[in-house]
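Grab a pencil and work through these exercises with the model open. Each one has a task and then a stepwise solution.

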Amino acid sequence: MFKSKIVKLVVNDVRFPTSLEQHGSDAMHSDPDYSVAYVVVETDADLKGYGLTFTVGRGTEIVVCAVEALSSLVIGKTLEEIVTDFSAFYRLLTSDGQMRWIGPEKGVIHLATAAILNAIWDMWARAESKPLWKLLVDMDPRKLIRCIDFRYITDALTEQEALDILEKAKAGKEEREEQMLKEGYPAYTTSCAWLGYSDEQLSQLCSAALAEGWTRFKVKVGADLQDDIRRCSLIRKMIGPENTLVLILVVLMIDANQRWNVGEAVSWITTLAEFRPLWIEEPTSPDDILGHAAISKALVPLGIGVATGEQCHNRVMFKQFLQASALQFVQIDSCRVGSVNENLAILLMAAKFKVPVCPHAGGVGLCELVQHLILFDYISLSASLNNRMCEYVDHLHEHFRSPTVIKNAHYMPPTDPGFSCEMLDESVQKYGFPHGDVWRSILKQKGSQDNFSE
């Protein structure tokens, strides 16, 4: 399997019309059509790798072009060549002498890099007949370190420090793995309170989630303060400060999706503090590290943390967020940065700085992918569940061959080999943009393609 040579890379633009029912709507993205640039890497043997990166509709075609531009760096390589020195392959993709100019390691070209690398990791896990989380958990720490590009972050984390963290976490590792297999990893839900949902819909979804055992809820905020007060009040009254049936705290988080200026954020959140949110997510520009630091400092007396990371470009930005104490919750994303390779660096830095990781998920396939990373984090790095949880959104899982399994509001560890990236062929065809059956029908009804990009 490892000698198999990559002979073909195919990428598809797959979009789901989630904007029609306001799924995914927030203060900055009012009409998202959840989408992916979906990659299939084929070899000259019976081995394939599947990967993706997440988008929200228009612009997916640009990511597809970027994947195609990078494909020449992948075709002709064997899996063995890649994984023997994975950090070198990562640097090959991210440091091309011409294409890095449109990054470097950020934006569209980095989303494309993530899609390709996700497919390579999926292929590696399949070759080992293991789910990705298990591949990582079982990997020798020195081999794991060789998957990471430490360039630009050694002032915060050296290779030796990373190795020491992994070695130290070996204590109790088997017990934590058994615990995850039995209980799963704690999740929180965002499905109840998208910004475009009516109060009636919000109430219905929240009631159903409570009945299913959910105790951690996130509410979208930021467009209108009075609306936010009403919606947060409604949710908090429904979920209560605690679940008296099981005597556990019921947690509320709020998410502004980058809506505010720094001063505006502090004022707005101060008004919402009465609803006791654990964190405010993405209060301002995702690039404003010092702005996040100022917000974090201002919110300390209120006992509210700052969470961010889903649109953080790369490991360098995470390094600076951590060094500046600009966040209290690290939100990794499986498709925004450079796949598993770069997320390993971020997880290790978070472990060193002792900041809990609470991954971003949802979208298309993000839950499927990031569950592997957070399982690895608990079993092999953090060894803690204190103030830690992984986002879950109940949309579009039916389009995957190995969909996420939630039990008692916990992610149950995947058992199928791979990175859980593979989509159903019929879904790729049906929702392919713009020629799939669904989009042909939608575009025909609209009578034009003015609002869509080919």
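Helices (H or I, at least four residues) and strands (E, at least two) are DSSP runs, numbered from the N terminus. Residues count from 1 along each chain as its sequence is written. The model is predicted, so local features need pLDDT of at least 70 and side-chain atom pairs pLDDT 80 or more, while totals for chains, interfaces and linings use all residues, and side-chain values use heavy atoms, without hydrogens and water.

**Exercise 1.** Work out which elements line the largest pocket.

*Solution.*
- Step 1: Strand 3 (48-55), helix 1 (60-70), helix 4 (107-127) and strand 5 (216-220) each bring at least two lining residues.
- Step 2: Strand 3 contributes the most, with 3 residues.

**Exercise 2.** Find how helix 8 and helix 15 pack.

*Solution.*
- Step 1: Helix 8 (residues 173-183) meets helix 15 (residues 366-382) at about 145 degrees, axes 8 Å apart. Axes are lines fitted to C-alpha atoms, for helices over the stretch in contact, and angles run from 0 to 180 degrees between N-to-C directions.
- Step 2: Look for contacts, meaning heavy atoms within 4.5 Å. Helix 8 uses Lys173, Arg176, Glu177, Gln179 and Met180, and helix 15 uses Leu375, Tyr378, Ile379 and Ser380.

**Exercise 3.** Name the elements that give two or more residues to the lining of the second largest pocket.

*Solution.*
- Step 1: They are helix 7 (159-168), helix 14 (339-353) and helix 15.
- Step 2: Helix 7 gives the most to this lining, with 4 residues.
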